[in-house]
Amino acid sequence: MANLKSAMDSAFWDQNISTPQTLEGTAKSVPGESFPVDGARASRALRIQQLSLLRNGFPLGIIPSLSPPLQKELGSFSLQSLLLRPSTSNWWLGIIGQFRPKKLISAIKTELQSADELELSVFRDAAKHFLDKALYSIALATQLSLSPSSSLLWSTERQGERKGYRNKFKLYHQLPDHDITLDAAWPELFMDHKGKYWEVPESISLDVSSLPSDSGLLYHFGIHRNSGHPQAFNALGGEAPSALMPGFCAKAAFSYEKSKDFWRRKETKEDVFVKTNKGSFFRPSYDVCLKEPHAAISGIIGGTCAAWFGGRKNSASAKSQGEGDIPTTINKRSPLNVDLFGSVCYTFQHGQFRKLYGDLTRVDTRLDICSLPSFAKRIFKSSSVSSADNSLSSPRLNLIFQQQVAGPIVVRVDSKFLLDSKSGERGPHIEDLIYSLSYSLRLLHSGKVVAWYSPKRKEGMIELRLFEF
């Protein structure tokens, strides 16, 4: 069913969103904002691991993607490839290269059309356009397994049209019932609920989260530090989210999740082993997470508590100095904040996703309330709801529709509706939409190659996703 854990993950700085804006293929969601659609959540596999497998199915191992660049003449279309991936039993290193062909093609076309005769000098001048650094981007990443339960990841990338490098460091350790993660990035890329990107000069997080249990109780706590003022990544100006402003934050969250089946058809031996005139043969589902038709309802409720320290003095100093892209007013951020959230989801699935046609139709409907106190205040005292609370006080309705096209190919639409007024008009309106086409890989049990496109962000990419449900 739809990922209810997003409700708690959205309160922290470690929730990854898929994006082709970085060669790593991810950005962080802004904590404390509305929950992202499930189709936007990043793959569990690292981008280099994805490309290592995806290149086997693409000509010359080149994977296309779409992302608006800083310089419009470069074009949104880009090509990525895994250039190198040496490895040992507990270590690997990978290099990703990216090329944007539009500016090069346009420049060469102009060069040839403006020439009176096709002489050697014309081709020499055209060849110089290949040396334009803005066309190329490169990323290097390496991972070292310190033990069976610990790993260290470091990556750096340089985008041709931008200055400087993007560096990331991650230390992961798994305990029997908890995950411990140390994340550091300079700078870190965040995406807000409007689809706008923000770059924070330095971001450091230490998180401890519990693993899913039969009781349905989950908790997550951590500390986070932002340094430097967030800058708009592709757009100019605007008010940066308060959660990205400089300061130190300690946050804890808990949630309780419960699900109930109205009905469920369990998988049987007759489903897996099909008898024919030529004997029996093995026919598993294309995705083990989609093998049982059912109708179910699930819900999650939880709370967060955050304490902020510092940052106000730096904001006032930056304001007085008139730095670019700094909000004209200091963000009002409460030093202590307590909140409650909740989601309820209904899932209906027809088919077992093992036949060639007509064996999967699935609909997930999820209602999210990001802030229960703000929602209650809006209902009973609508006039007292501030503009800052307005976004979180409005419920969201997420709809996920999946339909098998043929064999392992599935078309999917993720949509999110804001149940609030827009431009003075009452009623729900769409806030986010993602189209995707996936090809499930039986050998991975619950793995698939996904090609998605976001009209809101004008972005699209091809990913390998594992155990998405």
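**Cysteines and salt bridges in a predicted model**

Glu-24 is partly exposed, at 26% relative accessible area; the scale here is buried under 20%, exposed over 50%, partly exposed in between, with a 1.4 Å probe and protein chains only.

Ground rules. This is a predicted model, with local features needing pLDDT of at least 70 and side-chain atom pairs counting only at pLDDT 80 or more, while totals for chains, interfaces and linings use all residues. Residues are numbered from 1 along each chain as its sequence is written, and side-chain values use heavy atoms, leaving out hydrogens and water.

Back to Glu-24. Its salt bridge partner is Lys-168, with 2.7 Å between the closest N and O atoms. By salt bridge I mean a side-chain nitrogen of Lys or Arg within 4 Å of a carboxyl oxygen of Asp or Glu. The structure holds 22 of them. Lys-168 is buried, at 11%.

Next pair. Glu-292 and Arg-264 meet at 3.1 Å, N to O. Glu-292 sits in the loop between strand 17 (279-282) and strand 18 (294-309), and Arg-264 in strand 15 (residues 247-264), so the bridge ties together parts 28 residues apart in sequence. Strands are DSSP runs of E, at least two residues, numbered from the N terminus. Glu-292 is buried at 15%. Arg-264 is partly exposed at 29%.

Now cysteines. How many disulfides are there in the whole structure? The search finds 0, taking a disulfide as two cysteine sulfur atoms within 2.5 Å. For Cys-249, the nearest cysteine sulfur belongs to Cys-305, 9.2 Å away. Cys-249 is buried, at 1%. Cys-305 is partly exposed, at 36%.

Methods
Helices (H or I, at least four residues) and strands (E, at least two) are DSSP runs, numbered from the N terminus.
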